[in-house]
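Subject: Structure handover

Hello,

Here is the structure I said I would pass on.

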Amino acid sequence: MKMSKKSEIIALILTGVVCLFIFFNKNDTEDNVTLNSKDTYEMLRHQTDLLRSETPQPLFSQCQQNTSAYNVTGFSTLPGHIQDFLLYRHCRNFPMLLDQPDKCGGPLNSADVFLLLVIKSSPENYDRREVLRKTWAEERLYKGVWIRRVFIIGTTKTGYEKHRLNKLLRLENSENKDILQWDFNDSFFNLTLKQILFLEWMERWCPNARFLLNGDDDIFANTFNMVEYLQGQEDNDGGKHLFTGYLFQNTGPVRYSSSKYYIPVQVQESESYPPYCGGGGFLLSGFTARTIYKMSHSVILLPIDDVYMGMCLEKAGLKPTSHFGVRTIGMNVPGGDVDKFHPCYYREIILVHRFLPHMIFVMWNEIQNPHLQCGKTKSVFKRSL
Ligand SMILES: *[C@@H]1O[C@H](CO)[C@@H](O)[C@H](O)[C@H]1NC(C)=O
Ligand SMILES: *[C@@H]1O[C@H](CO)[C@@H](O)[C@H](O)[C@H]1NC(C)=O
Ligand SMILES: *[C@@H]1O[C@H](CO)[C@@H](O)[C@H](O)[C@H]1NC(C)=O
Ligand SMILES: *[C@@H]1O[C@H](CO)[C@@H](O)[C@H](O)[C@H]1NC(C)=O
């Protein structure tokens, strides 16, 4: 009798605890998610503050407009997204909605990640992410080293629509655990912000990842070749500089206001850009990623993310290099009669831009086909390099 009374009481207490738990979790809104990551962030922030004696910035109080921007010459004549950029150029702190602190097994174990795939995506691109998860971005052990994956995402839309998309993303993430999301407008002109937020995350949770692929969610990447190429860097295990991709040199801001890449003098006066690699996809070492992050603290934001990376490299006295296997402006196959989708080409390259999801799927399977005969086509391709 005594025992059953005791267990009754225990059962009652347990029920109470469960009810309380359900009560507090019932309201699983965005705010709760924000609060959780905010708490973690506050804690870490506090820890880092103890290490570095920086003046703490106010956290996530909505970043205020820089009203001096209205005084910039010709402000009212600038396109809306550029006005927006100037007003919020200084804002770099945004709350995290989805985090993956364990992606790299914690900061101390993060050297076990050989290649971290960092893929720029946006809330609506569910189908692209799904294909990548099943193809080149699959997390796996290859040639004895780990490939890991994160998608970096902001938010789109407002009000109910935004809430709905975020909810879907939460569901998608609970299954795949590969989404980093921050609460900022996921627009083209906010890509640099996205990159900086990622680098900040990396410093916190994955500082020793050896190499990274940074690219769009519509590329075809031959991650097998990538690992082999990176393992072939005999004197570099990720602790030295590496930044390679499709190299742009001697370029400058586009001054036509109709271009997607339009940068008026109000944003950048100088007519030249430093050398940089096209943002469709580039490879870099963990060392270089950390260096870029350090430099970013003192390099004013430029909305074109790949150029901005080039600016940070320049500031650190480092140079990006050209990799023949990175084709971010498409395949340039010699001779009109050659099939540009011939899988043999994709066995040789490491990265090609602009692939439709189904083509990624087909090509990924083709390049692994053991019966694929790549003889002459291979040499034709090599000669064209
Ligand atoms: C904008 O310019 C006006 C006139 O020169 C000046 O009075 C005002 O303080 C400026 N505003 C800001 C925010 O700099
Ligand atoms: C605000 O905007 C003005 C004009 O663009 C700029 O000179 C100033 O540096 C900006 N301030 C901050 C805090 O970013
Ligand atoms: C996000 O930015 C884009 C481009 O500037 C703009 O069209 C859109 O209205 C913005 N969305 C929100 C929710 O502010
Ligand atoms: C970037 O995101 C912030 C936060 O959502 C927003 O205020 C700003 O307008 C965005 N900037 C651009 C250029 O889209």
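Ligand surroundings

Ligand 4 is surrounded by His-81, Asp-84, Phe-85, Tyr-88, Phe-184, Asn-185, Ser-187, Phe-189 and Asn-190. Please keep in mind that this is a predicted model. Two elements, helix H3 (80-88) and strand S5 (179-185), each supply at least two residues of the shell around ligand 4. Of the contributions to that shell, the one from H3 is the most, at four residues. By class, the shell around ligand 4 holds four nonpolar residues, four polar ones and one charged.

Helix pair

Two packed helices are described by the angle between their axes and the distance between the axes. Helix H4 (residues 126-134) packs with helix H11 (residues 357-367) at an angle of about 5°, and their axes are 9 Å apart. Angles under 35 degrees count as roughly parallel, so H4 is roughly parallel to H11. On the H4 side, the contact is made by Asp-127, Arg-128 and Val-131, and on the H11 side by Pro-357, Ile-360 and Phe-361. Sorted by class, the contact of H4 with H11 has four nonpolar residues, two charged and no polar ones.

Regards

How values were computed: Residues are numbered from 1 along each chain as its sequence is written. Chains are lettered from A and ligands numbered from 1 in the order in which they are written. This is a predicted model: local features need pLDDT of at least 70, side-chain atom pairs count only at pLDDT 80 or more; totals for chains, interfaces and linings use all residues. A residue is near a molecule or strand if its C-beta atom, placed from the backbone, lies within 6 Å of it. Ala, Val, Leu, Ile, Met, Phe, Trp, Tyr, Cys and Pro count as nonpolar, Asp, Glu, Lys and Arg as charged, and the others, Gly among them, as polar. Axes are lines fitted to C-alpha atoms, for helices over the stretch in contact, and angles run from 0 to 180 degrees between N-to-C directions. Angles under 35 degrees count as roughly parallel, over 145 as roughly antiparallel, 65 to 115 as roughly perpendicular and the rest as oblique. Two residues are in contact if their C-beta atoms, placed from the backbone, lie within 7 Å.
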